[in-house]
Amino acid sequence: MPNAIETVDVNVPVTVAYNQWTKFEEFPKFLNFIESITQVTDTLTEWTIKIGGVERTFEARITEQHPDERVAWNSTGGQVDHAGVVTFHKLAPNETRVTVQLDWEAKGLLEKAGAALSLDDHAIKKDLTNFKKFIEAKGSGDVGWRGDVQA
């Protein structure tokens, strides 16, 4: 199962970075392959992604969430088998380290070739750079759901 870990430092307080990340429906503004995300409940989201012209849908359930610290999820059904966690580390009052770890099952020739060439690592790194530009330009994040979900 391919996986990737990428990190970016953003020049905003940890609460701002965390709040923006939990606004899942805004992911298409900074994540390239995300077509849409719908927040169904506090812990269930529906995703539509498009990679290499192929559109896939799946549901993901938040399995652990601690405000200003971490959000973990895994897919629960649909066309993608995927899990991940994002963590937030306060480096300074206005600087936060955001680390994303993703694990997924490569399906189909295109995804297997991309995984073999580590294209997914590059895509995640680019998406985190996009997140950095987005949140720093915005300056403050709208308040997302700050509930606590125990693993």
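Start by selecting Lys125 and Glu6: these two form a salt bridge, with their closest N and O atoms 3.8 Å apart. The term salt bridge stands for a side-chain nitrogen of Lys or Arg within 4 Å of a carboxyl oxygen of Asp or Glu. Colour helix α3 (residues 119–138) to find Lys125 and strand β1 (residues 3–10) to find Glu6; the pair links distant parts of the chain, 119 residues apart. (Helices, H or I with at least four residues, and strands, E with at least two, are DSSP runs numbered from the N terminus.)

Before moving on, a note on what you are viewing. This is a predicted model, where local features need pLDDT of at least 70 and side-chain atom pairs count only at pLDDT 80 or more, while totals for chains, interfaces and linings use all residues. Residues are numbered from 1 along each chain as its sequence is written, and side-chain values use heavy atoms, leaving out hydrogens and water.

Now show the surface. Glu6 is buried, at 15% relative accessible area, whereas Lys125 is partly exposed at 48%. (Buried means under 20%, exposed over 50%, and partly exposed in between, with a 1.4 Å probe and protein chains only.)

Next, select Asp9 and Arg97, whose side chains meet in a salt bridge at 2.7 Å, N to O. Asp9 sits in strand β1 and Arg97 in strand β7 (residues 95–104), so the pair ties together parts 88 residues apart in sequence.

Finally, go to Lys138 and Glu26, a salt bridge with closest N and O atoms 3.4 Å apart. Lys138 belongs to helix α3, and Glu26 to the loop between α1 (14–21) and β2 (34–39). Here Glu26 is buried, at 13%.
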